[in-house]
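Please examine the model below together with this briefing. The points are grouped by topic.

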Amino acid sequence: MSQNVLDRVKAQFTAGEILETGSQHGDEWVRVRRDAWVAVATFLRDDPATKMEMFIDLTAVDRFSTEPRFDVVAHLYSVSLKQRVRLYAGVPEEDPTVETLVSVWAGANWFEREAYDLYGVRFKGHPDLRRILMYPEFVGHPLRKDYPKEKRQPLVRRQPNSVD
Amino acid sequence: MGLDFYTGKLADAVNWARKFSLFSYPFVTACCGMEYMSVAAPKYDIARFGAEFPRFSPRQADLLIIVGTITERQGPALRRIYDQMCEPKWVIAFGVCASTGGFYQNYSTMPGADQVVPVDVYIPGCPPRPEQVLDALILLQERIQRGEGHSQVQLKVESGHYDVPTTAIRPRTAHLPGGESGGKAPEGAG
């Protein structure tokens, strides 16, 4: 449905930044090399043929036991041209970092904090990379596939068999 | 002897007054709040039982109604609210999430509000029907009249007027046929 977005990106980035593109269920996606993450995002925002003004969502995927382990996913939408695209960047476990998109869309700020909180992906250049959902005392990143399902990290508990 | 007689009757009268003038603090965190509103609205009208007036300050309330899922992160806030309430005070866990964690079993959800505050009456349901809430309120009123709320027992223990181990508190089914033989209070409830 927005094949022209893929065409524009592939025409612009010819040095291997675009690893793969695809189209599924009427939505297009682009898998970019990690070091071109911000460049591709900026291009998609500014190019008159794509005009991705609106940052919809950003999250991460833990593809445990595959390489690279994590995917960072950004959903973009063009309000004026009514087209959308999904960006992927693979992030390896030993260096789970990617450049921040806050400089491109300010709205990415809390989404990146969420992805950091739950998956432990670090966003380089983020102005305030703190946990956003879990409490500061929490250890680990609970949506990683190797986080124990039954593990609890309570902040307070009352004494057993007390009336208070 | 005479003094015992009069204090006993006075406690009954005070508890009778307490059970019909509950001031509730609704700690509403989730979808059960809709059902709570229904209970408070005219059709079911919790005011008929004297628990008319939600006070949105714990310092003016003696009934904490925990309505909805409690997360681990909310635990300190919930405990602080409970500690701010004047004694004697009572707690109702409204819905399965507040009672046991419900269908959440994960890193963030507290498995029941009784992990941080003593709960007097649990209401199952997802969400509970308003009739169940009214039934729970009546159960709580009976418990208040008997002086068996957690906070009431605590006060008696602290003042030395209660020599029964707190684990011997009757289960709240004791008034039902066969309930007395139902035996001991659930673990952790005493």
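From the N terminus on, the elements of chain A follow the order α-β-β-α-β-β-β-β-α-β, and they comprise three helices and seven strands. Helices (H or I, at least four residues) and strands (E, at least two) are DSSP runs, numbered from the N terminus. The model is predicted: local features need pLDDT of at least 70 and side-chain atom pairs count only at pLDDT 80 or more, while totals for chains, interfaces and linings use all residues. Residues are numbered from 1 along each chain as its sequence is written, and chains are lettered from A and ligands numbered from 1 in the order in which they are written.

- Taken along the principal axes, the C-alpha atoms of chain A fill a box of roughly 70 × 35 × 30 Å.
- Chain A has 164 residues, of which 27% count as buried; a residue is buried if 20 or more other C-beta atoms lie within 10 Å of its own, exposed if 12 or fewer, and partly exposed in between, with C-beta atoms placed from the backbone.
- Among the contacts in chain A with a separation of 6 or more, 51% are accounted for by residues 24 or more positions apart; a contact requires C-beta atoms, placed from the backbone, to lie within 7 Å.

**The five-stranded sheet**

- Chain A holds an open sheet of five strands in the order 1-2-5-4-3, with mixed pairing; two strands pair if DSSP finds at least two bridges between them.
- Strand 1 (18–24) and strand 3 of chain A stand at the edges with a single partner strand each, so one side of each is left without a neighbour in the sheet.
- On average, neighbouring strands of this sheet are turned by 20° against each other, direction ignored; axes are lines fitted to C-alpha atoms, for helices over the stretch in contact, and angles run from 0 to 180 degrees between N-to-C directions.
- Strand 3 and strand 4 of chain A run antiparallel and are joined by eight bridges; in this pair, A:Asp57 stands opposite A:His75 of strand 4.

**Helices packed on the sheet**

- Helix 2 of chain A packs on the sheet and touches strand 2 (27–32), strand 4 and strand 5 (83–91), its direction making about 175° with that of strand 5.
- Helix 3 (residues 108–119) of chain A also packs on the sheet, where it touches strand 3 and strand 4; its direction makes about 10° with that of strand 3.

**The hairpin of strands 1 and 2**

- Six bridges pair strand 1 of chain A with strand 2 of chain A in the antiparallel sense, and A:Thr21 stands opposite A:Val30 of strand 2.
- Two residues lie between the strands of this hairpin, in which A:His25 takes a positive phi near 55°.

**Backbone features in loops**

- A:Lys51, although not a glycine, has a positive phi of about 50°; A:Lys51 is placed in the loop between helix 2 (37–46) and strand 3 of chain A and counts as partly exposed because it has 19 C-beta neighbours inside 10 Å.
- A:Ser65, not a glycine either, has a positive phi of about 75°; A:Ser65 lies in the loop between strand 3 and strand 4 of chain A and counts as exposed because it has 8 C-beta neighbours inside 10 Å.
- A cis peptide bond with omega of about -5° joins A:Glu67 and A:Pro68, and A:Pro68 is found in the loop between strand 3 (54–62) and strand 4 (70–78) of chain A.
- In chain B, the peptide bond from B:Glu87 to B:Pro88 is cis, with omega near -5°; B:Pro88 is found in the loop between helix 3 (75–84) and strand 3 (90–94) of chain B.

Note on methods
Contact = placed C-beta atoms within 7 Å.
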